[in-house]
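Here's a quick look at one helix pair and a few salt bridges. Have the viewer open as you read.

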Amino acid sequence: MEKIYFISFLIFLFSCSTEDNSIDIEVTDRVTITTPQVDRDLPELKDSGVLKAIMVYSGTSYFLYRGQPMGYEYELLQRLADHLGLKLEVVIAHNINDVINMLNRGEGDIVAHGLTVTQRRQRFVSFMDYLYLTRQVLVQRKPDNWRQMKLHEIDKELISDPIELIGKTVSVRRNSAYYSRLVNLQQEIGGEIEIDTIPGHYSTQKVIKMVVDGEIDYTVSDNNIAELNSSYYPILNVETPVSFSQRVSWAVRKNSPLLLSALNKWVEEMRDNVDYYVIYNKYFKNTRYFSQRVSSDFYSGNGHKISPYDSIVKRHAGRIGWDWRLLSSVIYQESRFVVDEESWAGAKGLMQLMPATAKELGVRDITDPVQNIKGGTSYLHQLWNRWEEIPDSVQRIKFTLASYNCGYSHVVDAKRLAEKYEANPKVWDENVEEYLLNLMYPEYYNDDVVRYGYVMGEEPVNYVRQILERYDHYAQILSEESDDNS
């Protein structure tokens, strides 16, 4: 029997392809914007200083874990943005079917998600050199009593050859490369597979969990994602391939040849860098880390929690009229949610209150989460009120955050310098922040309008930027879930 399976599998491999042009139906992408609607290449990105990356929220690409944005694509993107000298701006696609349309409309400049390179997709976008190779495999459930069975007994209960899928029901998202592969597979094995379509907003990881729970019998997944999940759910079998190796890559518009060239050079350089392999292993090979993450209440794939203190944060953020996710970002910046964190300067607790400040705010136990967050939020509110002269609410938040970090008086000094040197004293970005940075230099901290002297300006400037960047991740990821690789 094993020889028969092996021979039929060889016949299947030599006959299969990842894209069958004879099947003239749309099975992978709902592409309506087939050509670029904007003319923006690398020089224009350099002028703007921003790289807008279209990402899809998923369990490996982009997610939150214990308050920190993470993911394979996200970590690579950070390195790419640094390499290009650009600021990274993430644009979320809530449905993977929309990413090519969004790219060609100009909503982003790169699709940074694990897209399978297919001939159909290459009609509409240009793919950079592939990030990694994968193949599609069948995801199926072992018998319920598999632990009491011998290996050959388990094998008899499983599909080990794609031809055995004739007459079986396999569940996948319709607008995915998995659906396309199953359509082509039917042609190759000369029989019909019942393809059950799953809603488009379901992630691959969620569909795999449906197999685990017995809601569906079979699905198809890229082997790296399937193997990762099978390490956590040992009842899964993911050993039956249904495709050749396929390239997984990122995409740019067809009228962005300079950006494409820069990406290809970057990938080539990254392949010689150990980080390239460390990042891949972190998200696709480190099964222990994956198990810890998917079992955590503070993994965004399991719900909308950031930390164990969400209920406290929401209550006190509401008290001062702030978004609780913004306040959570402040707390992460201060302590990474470590309740007994203490700085070199003696600041303590979740919001890093100095003992004297805590006493003024009525905080008796500085390590108590409720008291610390209440006190820290009250202090933020005091600072917010002191900046009532700033008309724009976003700018006012930035003045408030900087004051929380380095002190209200130093920010006032920077505001005085901005006014003296004809910058806008009521705008943080590229105005007051520049003069806070200048307060590191004698010619500025000795200026006659400066009353409180030197301050390490890089710290509050980075503090404000990092909090708001993290808040942007929180706001996007925690608003709606999306898809996985396709």
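## Helix packing and salt bridges

On the H18 side, His410, Val411, Ala414, Lys415, Leu417 and Ala418 touch Trp428, Val432, Tyr435 and Leu436 of H19, where contact means heavy atoms within 4.5 Å. Sorted by class, that contact has eight nonpolar residues, one polar and one charged. Here Ala, Val, Leu, Ile, Met, Phe, Trp, Tyr, Cys and Pro count as nonpolar, Asp, Glu, Lys and Arg as charged, and the others, Gly among them, as polar.

This is a predicted model, so local features need pLDDT of at least 70 and side-chain atom pairs count only at pLDDT 80 or more, while totals for chains, interfaces and linings use all residues. Residues are numbered from 1 along each chain as its sequence is written, and side-chain values use heavy atoms, with hydrogens and water left out.

Back to the pair: H18 covers residues 408-420 and H19 residues 428-438, and they pack at an angle of about 110 degrees with their axes 7 Å apart. Helices here are DSSP runs (H or I, at least four residues), numbered from the N terminus. The axes are lines fitted to C-alpha atoms over the stretch in contact, and angles run from 0 to 180 degrees between N-to-C directions. H18 and H19 are therefore roughly perpendicular, a label that spans 65 to 115 degrees.

Now for the charges: there are 16 salt bridges in the structure, each one a side-chain nitrogen of Lys or Arg within 4 Å of a carboxyl oxygen of Asp or Glu. Three of them look like this:

| Pair | Closest N and O atoms |
|---|---|
| Glu75 and Lys282 | 2.6 Å |
| Asp429 and Lys398 | 2.8 Å |

Glu75 sits in helix H3 (residues 72-84) and Lys282 in helix H11 (residues 274-284), so their bridge ties together parts 207 residues apart in sequence. The cut-offs are under 20% relative accessible area for buried, over 50% for exposed, and partly exposed in between (1.4 Å probe, protein chains only).

In the second pair, Asp429 is partly exposed at 29% and Lys398 is buried at 12%. For the third, Asp448 is exposed, with a relative accessible area of 67%, and Lys420 is partly exposed at 40%. Finally, salt bridges with shared partners join Glu75, Arg79, Asp275 and Lys282 into one network.

Note on methods. Helices (H or I, at least four residues) and strands (E, at least two) are DSSP runs, numbered from the N terminus. Angles under 35 degrees count as roughly parallel, over 145 as roughly antiparallel, 65 to 115 as roughly perpendicular and the rest as oblique.
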